[in-house]
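Good morning, and thank you for coming. Please look at the structure as I speak.

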Amino acid sequence: MMQLHAGATAVSDDPLHAPRACDGRAPDVFRPGGWVPMRQYRESEPVDFAIVGTGAGGGTLACKLAEYGFSVVAFDAGPYFRPLEDFASDESEQTKLYWTDDRIVDGDNPLQLGSNNSGKAVGGSTVHFAMVSLRFRPEWFKSRSMLGYGADWPLDWHEMWSYYAEIEQALKIAGPVTYPWGPPRPRYPYRAHPLNGAARALAKGCEALGIKWTETPLATLSAPRGLARPCVYRGFCVTGCSTNAKQSALVTWIPRAIAAGAEIRDLAMVGRVEVESSGLVSGVHYHRDGRWRFQRARNVVVAGYAIETPRLLLNSATARFPNGLANSSGLVGKNLMTQSNQAVWGRLEQEVRSYKGPPSLAITEHWNYEDRGKDFFGGYSYMSQGPLPQLWANTLFNARGLWGNSLVEAMKDYNHVVGLKIVGEMLPQESNRVTLSEEVDQYGLRIPRITYSWCDNDKRLIDHSLKFMRRALEAVNATDIWIQDDDTCHLNGTARMGSDARSSVVDADCRSWDIPNLWICDGSVFPTVGGANPSLTIQAIACRTADRIRALARRGELEAGSARPSIHRCSIEVQRL
Amino acid sequence: MNRPAERDLIAMAGIAASGLALASLLSSSSARVRPPRWRLAAPGRNRSSNPETVKAARRLNRAAGTLAASVLADSSVEHYRGSFKNKAMYTPLLVSALTLATSLHGTADMRPLAHKARDATYLLAAATGLVGSGFHLYNVGKRVGGFSWQNVFYGAPIGAPMAILLSGLLGFCSERVREAHRTRPRIFRLPAGRAIAAVTGAGLLGTTGEAGLLHFRGAYHNPFMLLPVTLPPIGAALLMSAAGGGPGRTHRFTRWWMRLLTGMGFAGVGFHAYGVSRNMGGWRNWSQNILNGPPLPAPPSFAGLALAGLAALGLMKAHPDA
């Protein structure tokens, strides 16, 4: 133990200001102060894939492509943390996980950015996500033709559900023994976690209203896994798990990627994708260690999530592509979709202590799978809540206007607070979009302007959910019930996939229609969002894309490069170091 | 001294007592060959009357004591974890401690006579097991979701009180065997060896169910977690077959299997100690992880039952019609 601590102190550094993944090694996320060997690539020699972003999309894809034998360099603008030593049980400190660079928001319902909908770290926002790992309802992949709204995905739900099974295994999702909604699915690899007081309140409400509920499938361990410990129910999940129970990209896909020979570059902000005269992309310009650099690549994958992805594509405009890359359809940046995240809160006579354990231990997807009795398109799920104290004080201030003594009095009831919150589907609208403002950020890059307005359908869905959740809280004898009607969560869209180059940005393989060696692989490609948290679907798309890239490479249909066994041998040597 | 500290002491005392008692129980097996001098004063000792029934009875006392030690330690830890929220949660600690003491007494006692206090204690233990099962069922059933996986995983363990019931039953059987020095050993008019073998077989199956449920909760993340759900049912089948079979069989394989199960029961403590180390902070964080991790005292209940199986087989060997 003493040795461990001495080692940790000796190598302690500041991951926010100096890159850690260099000199042939990367941080070992499982050991304080530890390192793992990492293969590195020359900037002057093209790698098979340069991936921009290391979250649910980029991190997953980097792992799979590296394991398939491609040479991969993945860039992240954020730091490379070791959760065991870098994460504090402190909400303010942990805002270091968020993307808080300058952005401009407008529209009728401007989005609040910078916390739950962004991440700036190796592992992306999975480092602080709520771990809710839901599958999309099969019909949502054909919501236009089967349900009459939104747009069809160019993907088959059977195929996606088989990828879900792969991801659930890869992350050892802890879920219920049987899932009450949708077609049969394989058993979750780990068992569900025990319910906390907030989850029991959700369950009682559902039983009183006669609808089904279940334990939320969560990407946090309920039993040991390798060097990762099972969840200790510390409750700081959405500010970063300091025990590695959370199966984020940082502790799952990224270590696998490095072991398979991928290189991760932290604190590396990609500012521009370079296009050659041939019309193909040739690499990325990125800012690291105080200067701009260029990495040559045969393929570039943009995986920066729904704001940074269109921003990078738009910022990479050339004379040949004056409206930005992959934008012949004019849809890059358009159809931004957040998910409604409204809540109903109340007070229970007995103590709830909702902050114990993961915040959303119980869920009902009733209104995702039930279409009768709705006056709106789409669906929503709702989950039990466990706001941390600082967030809760902010909520009381922002949503209820409490301040001073009234805020202090309300905070005294913190242990009795119970709440239900939706993840609701919002419809794609071209007017909800990401564009570039004239202002520039610390890198000299034009900052994004995000325009968002709810449509009537969005409002009807929110209205329905709030009425229903109020009944659910009334059914468990909650008092002082009030509504938080202005919150939103995940971001998707802005580079939608489709089967027609005129009405989409990428095809089903996440390959851009315009530039065959430019790919987009993150939540941006969603044509619709459904009423379920998107992380599992983003990872499923990434796994599918990797499989498709391997298949295309074998058929010689990649623009450049292919799986080269020599690289795989090299990566094995690296592991033996 | 405030209440939580008292609870700490009670739980610690329970664990310590069960450990000490278990050690002395197991070491007392040497008494078979070399009776220690301190028992010279044991009155009315009549080893010539029927040493085999006394020997079998003492082995059953030892099995009952091993089970009681497991229950004492397990309920100390688990009910401490539950903060002794209900006063009744002290009961299994008291009763299993008493059963353990009784079993120690029985293991040391060479007399071919049943003992009233031992009989009463063993019956009390059995009753405690039944009532405890009722309590645990009630606890699970009243939780939201009723008898769902969530509640059988995380509510009061339904099978756990059965261990003290089995301890009481085995102890009660030991008294019947012990007093049968002039007749064939019978329990409720059934041949004693076969009856005990059948009870032990059923106990092994029940304990397998408990281990299976909790190891399923742990998603069998370690392949060794499959051992206590595969080896004991085979042992149960062997015991049942012995119980149902005719006289004159040596049961060599069954005996060997019971020794294997005894070893597995004690090795399980080691595996569970490893399981504790895999929780956050490992053994440095013992005060949290002993409560959080796999229960250290649980696996020896398999050993207790296997020892009872060995006693039954020994009795059947000495008395082919028992």
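The contact between the chains draws 14 residues from chain B and 20 residues from chain A. On the side of chain B that touches chain A, helix α5 of chain B, residues 149-154, supplies the largest share, namely four residues. Sorted by class, that side of chain B holds six nonpolar, five polar and three charged residues.

Please keep in mind that this is a predicted model. Its scores are ipTM 0.90 and pTM 0.91. For chain B, the mean pLDDT is 87, and 87% of the residues reach 70 or more. One stretch of chain B calls for caution: over residues 29-48, pLDDT stays under 50. For that stretch, the model has 14 contacts beyond four places in sequence.

Let us now consider how helices pack within chain B. How are helix α2 and helix α6 of chain B oriented, parallel or antiparallel? Helix α2 covers residues 51-81 and helix α6 covers residues 162-179; they pack at an angle of about 165°, with their axes 8 Å apart. Angles over 145 degrees count as roughly antiparallel, and α2(B) and α6(B) are therefore roughly antiparallel to each other. The crossing of α2(B) past α6(B) is left-handed.

Which residues make this contact? From α2(B), they include Val54(B), Leu60(B), Leu67(B) and Val71(B). From α6(B), they include Ile164(B), Leu170(B), Cys173(B) and Val177(B). By class, the contact of α2(B) with α6(B) comprises 15 nonpolar residues, six polar and one charged.

Helix α6 of chain B also packs with helix α4 of chain B, residues 116-142. Here the axes come within 7 Å and cross at roughly 155°. By the cut-off I mentioned, over 145 degrees, α4(B) and α6(B) are therefore roughly antiparallel to each other as well. The crossing of α4(B) and α6(B) is left-handed.

Among the residues of α4(B) in this contact are Arg118(B), Asp119(B), Tyr122(B) and Leu130(B). Those of α6(B) include Met162(B), Leu165(B), Phe172(B) and Glu175(B). The contact of α4(B) with α6(B) has ten nonpolar, seven polar and three charged residues.

As you return to the structure, please find Ile164(B) on helix α6. Ile164(B) takes part in the contact with α2(B) and also in the contact with α4(B).

Thank you for your attention.

Definitions and conventions
Residues are numbered from 1 along each chain as its sequence is written. Chains are lettered from A and ligands numbered from 1 in the order in which they are written. This is a predicted model: local features need pLDDT of at least 70, side-chain atom pairs count only at pLDDT 80 or more; totals for chains, interfaces and linings use all residues. Two residues are in contact if their C-beta atoms, placed from the backbone, lie within 7 Å. Helices (H or I, at least four residues) and strands (E, at least two) are DSSP runs, numbered from the N terminus. Ala, Val, Leu, Ile, Met, Phe, Trp, Tyr, Cys and Pro count as nonpolar, Asp, Glu, Lys and Arg as charged, and the others, Gly among them, as polar. pLDDT is the predictor's confidence in each residue, from 0 to 100. Axes are lines fitted to C-alpha atoms, for helices over the stretch in contact, and angles run from 0 to 180 degrees between N-to-C directions. Angles under 35 degrees count as roughly parallel, over 145 as roughly antiparallel, 65 to 115 as roughly perpendicular and the rest as oblique. A crossing is left-handed if the near helix is turned anticlockwise from the far one by less than a right angle, and right-handed if clockwise.
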